[in-house]
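Me: I would like a close look at one part of this model, with the terms spelled out as you go.

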Amino acid sequence: MLFLKNISKTATPTIAVPLTKAQKWRIGIGIFSGKILGLLIVLVAMKIIPNLIATKAFAGDTYTPHETSMINSINTVWTLVAAFLVFGMQAGFVMLEAGFARARETVNVLMECIFDTCLCGLLFWAIGYSFMFSHGNGFIGMNWFFLQGGPVTYEGTGIPLLAHWIFQFAFADTCSTIVSGAMIGRTSFRGDIIYSVGITGFIYPIIGHWAWGPDGFLATMGSTGNFLPSLGQPFRDFAGSTVVHTIGGIASLAGAIVLGPRIGRIFARDGGGMPAPHNLTIAAVGGFILWFGWYGFNPGSTLSALDADGIGRVAANTTLAACGGGLTAMYMALWFGNTKGKFDLGYTVNGFLGGLVAITCPCYWVSPLGAILLGGVAGIVIWLAVNLIEYLRIDDPVGAVAVHGFGGIWGTLSLGLFASGQFGSTGPLGADNSAPVKGLFYGGGMDVLKAQFIGSATITIATFAVTFIMMWLIRKLPYPYNLRLEEKGETGPGGLDMFDHGTSAYPAQ
């Protein structure tokens, strides 16, 4: 049946013809076939056209200047966010150290950390960054002093030099703050100023250059024409188990030995023990702030927001290693500690911090299971190291030597055991897994472990020797520049806080 429908007076009449079922099927099949044909044409075009305008090797890696600028901007923002997270760890350090110290040492802890941060910024701007990250030779960088004369971007990262400086300044500040932890309660503030100049301006950046500098002899180790070419492996330290934590922990060990213990300190083997922390609440909160900051420390070391898989894996590994370290340290104290049968908060906090320190080196190259295992071992290492330091009558109020020194050494070596053989290197455009790192437990042999041992031992020994000499020399300076506080300053009313700073963190109400 035909019908006519007038839509308006001026509209063209539309004639609707009802279709048979067979006609509808034919039209539907035709439309569907057309869509499939069009889809096939698009797929063929997507496959053929890129090969017509670029070679296969570069079709996926060719970027316009605008795209390159966008990539560099994204990576720079990621690096800066990570730098801010790492800098936020300073709040965690002051809370952790102050909480583990005695009340009479609190202001001194806060002042040392604030002073170290300010001093580190200026020294790292003037000479530290140049010594560490500029080109020079295998032992020291020799360009870009006062950040002058450097390139627009750092090496092949695409990140502006100043953005890279901010990120690395936060790392340098972390190392400097670690050193003060084992020296709490008996270091004169003027002595602290002098050794901080040595650590931040010279020891950390020069020794760090060996592993992280563009031409450092450990970074280029194993390659033709460089240190130990037959080894075939460089020293690897993704985010600083050795460069930041071992240097900081071993430097604090040298300082603690030169200083000697706080007056009245009686060690466990003599029938005493560590003085009680004055505020475990802020110590535990400080530990959590440090854990949070580690998500800038480790994932941020990719320097690339485009390496999504790498960032996610590193963040997960960081979390799991901390969990493993906290639990094993807690159980070691529960089963074998002086407070046997009690769940010790101090050991648990230092345990998860030890797990974080340990995973910092291998975080990019291990699997989540490997992170749990090496973090768990780190918790045991921390418990053993704390008790060893106590047995040797070395006064370390916060466990800095155990957590950062011993934890950093274990984490560096663990790469040679737990590297899973799946992951290679990160980069501004993403991961390059064409040359994966494989450890002993995954069939990779001893080569990676040997390289890690050589690098860790070299930096550990050099740091201890140089720092011990520096601390010993400062110890011999006349008052008031001597490293050790006067006896009356340590034992007098108000302790170190009143003597060196004229105030108390907890004035009488």
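Does Arg 262 count as buried or exposed, and at what relative accessibility?

Reply: This is a predicted model, in which local features need pLDDT of at least 70 and side-chain atom pairs count only at pLDDT 80 or more, while totals for chains, interfaces and linings use all residues. Residues are numbered from 1 along each chain as its sequence is written, and side-chain values use heavy atoms, with hydrogens and water left out.

Arg 262 counts as buried, because its relative accessibility is 3% (buried means under 20% relative accessible area, exposed over 50%, and partly exposed in between, with a 1.4 Å probe and protein chains only). Arg 262 forms a salt bridge with Asp 395, whose closest N and O atoms are 2.8 Å apart (a salt bridge being a side-chain nitrogen of Lys or Arg within 4 Å of a carboxyl oxygen of Asp or Glu). This pair links distant parts of the chain, 133 residues apart, since Arg 262 sits in the loop between H6 and H7 and Asp 395 in the loop between helix H10 (368-391) and helix H11 (400-418); helices here are DSSP runs of H or I with at least four residues, numbered from the N terminus. Asp 395 is itself buried, with a relative accessible area of 0%.

Salt bridges that share partners join Arg 102, Glu 105, Arg 262, Arg 265, Glu 390 and Asp 395 into one network. Within it, the side chains of Arg 262 and Glu 105 meet in a salt bridge at 3.4 Å, N to O, and this pair is 157 residues apart, with Glu 105 in the loop between helix H2 (65-100) and helix H3 (106-133). Glu 105 is buried, with a relative accessible area of 1%.

Terms used
Helix = DSSP H or I, 4+ residues; strand = E, 2+ residues; numbered from the N terminus.
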